[in-house]
Amino acid sequence: MTKDQSTPPLIVPTDQGLYCAAGDFHIDPWRPVPRAVLTHAHADHARTGSQRYFAQADGVPLLRHRLGNQDFEPLDYGERRRFGAVRVSLHSAGHVLGSSQVRVEHDDGRVWVFTGDFKRDADPTCAPFEVVPCDTLITEATFALPCYRWPPVERVGERIHHWWSAHPDRPCVLFTYALGKAQRVLAALAAHTDRTVHLHGAMVPLTELYRRAGGTMLPTEPVSALPRGHDFSGALILAPPSAAGSPWMRRFKNASTGFASGWMRIRGNRRRRGYDYGFELSDHADWPALLRTVRDCGARTVLTTHGRSDELVRYLREVEGVDARALSTLYGGEDD
């Protein structure tokens, strides 16, 4: 790989999103464009209105569910496509089903990689993260502070199961994100029980798409399949955070509530958000994984997006000796 400082950058932020002029395409655009390469189906990375979408094949059903009848072209991991003066390929990001890093190789030998959202922790519901060597890395920085260090997912699954088992006379409502996190919880609990979990309606079609892709999870049943007045005592219910405090919650009398998110790492977040229990489970890289990824890919330049960019940029420049700076984008953090 070579890099000439006099050449223009391969990927730049524009009013429409991250743009590669050499290939005339955008990555995860936030406004409609002619050609969009998508990293995954979360709402801050996948928006409607573009003329054509390129995405990893496993994630296309999720994208169709969320974006509707768009023009999608599915790509396998590692499959290369020519766009003008560059070759583009998608590589697993380990974030959610079908999530991808975008590798862009120019004819002059430069290689840039955009991680999209990624994690390096074990997750049986999606392909594992792939290290992709590059000259320039554009990385997310959602949890880029040294305090963010995730416990093993097996321990988190054990804690959630213990909470559920400890409340046989109360419903346990676990708030978590509908795409990716809910399915990861169902997979982690499968090591401890075979009991059925009840789902908020927003999670039902997404979980079914995960099952069709081969994910091993606990059996589930929609809350709506049960009659009004049903006694949910001793049951576990998964719901998106938007359901907290809504009329939907009235059917779960005297519920114990929990929240599964990386934000639960910070003491006090659980109390401020009004949950009884907090479980540290994130689909984003923690601080050690961010640093390891920068080292593993060998990038000499690192650009950061969405999150705690300032701290990561400072550390990379001062401690790692890497040319690092922040990019301004409209991507979100750990949300859905």
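Contact, in the account that follows, means heavy atoms within 4.5 Å. The structure described here is a predicted model.

Helix α2, formed by residues 153–165, lies across the strands β12 (172–175), β13, β15, β16 (256–260) and β17. The direction of α2 runs at about 155° to that of β17. Helix α3, residues 181–189, also packs on the sheet and touches β12, β13, β14, β15 and β16. Its direction makes about 155° with that of β15.

The sheet itself is open and consists of 6 strands with parallel pairing. Their order is β14-β13-β15-β12-β16-β17. At the edges stand β14 (220–222) and β17 (277–279); each has a single partner strand, so one side of each is left without a neighbour in the sheet. On average, neighbouring strands are turned by 30° against each other when direction is ignored. Within this arrangement, the parallel strands β13 (residues 197–199) and β15 (residues 236–239) are joined by 2 bridges. Leu199 stands opposite Leu238 in β15.

The next topic is the packing of helices on one another. Two packed helices are described by the angle between their axes and the distance between the axes. Consider α1 (residues 60–67) and α4 (residues 204–212), whose axes come within 10 Å and cross at roughly 160°. An angle over 145 degrees counts as roughly antiparallel, and α1 and α4 are therefore roughly antiparallel to each other. The crossing in which α1 passes α4 is right-handed. On the side of α1, the contact is made by Pro61, Leu62, His65 and Arg66, while α4 contributes Pro205, Leu206, Leu209 and Tyr210. The residues of this contact divide into 6 nonpolar, 1 polar and 1 charged.

A second pair is formed by α6 (residues 287–297) and α7 (residues 309–320). These helices pack at an angle of about 50°, and their axes are 12 Å apart. That angle makes α6 oblique to α7. Here too, the crossing in which α6 passes α7 is right-handed. Trp287, Leu291, Val294 and Arg295 of α6 meet Glu311, Leu312, Tyr315, Leu316 and Glu320 of α7 in the contact. By class, the contact of α6 with α7 has 6 nonpolar and 3 charged residues, with no polar ones.

Definitions and conventions: Residues are numbered from 1 along each chain as its sequence is written. This is a predicted model: local features need pLDDT of at least 70, side-chain atom pairs count only at pLDDT 80 or more; totals for chains, interfaces and linings use all residues. Side-chain values use heavy atoms; hydrogens and water are left out. Axes are lines fitted to C-alpha atoms, for helices over the stretch in contact, and angles run from 0 to 180 degrees between N-to-C directions. Helices (H or I, at least four residues) and strands (E, at least two) are DSSP runs, numbered from the N terminus. Angles under 35 degrees count as roughly parallel, over 145 as roughly antiparallel, 65 to 115 as roughly perpendicular and the rest as oblique. A crossing is left-handed if the near helix is turned anticlockwise from the far one by less than a right angle, and right-handed if clockwise. Ala, Val, Leu, Ile, Met, Phe, Trp, Tyr, Cys and Pro count as nonpolar, Asp, Glu, Lys and Arg as charged, and the others, Gly among them, as polar. Two strands pair if DSSP finds at least two bridges between them.
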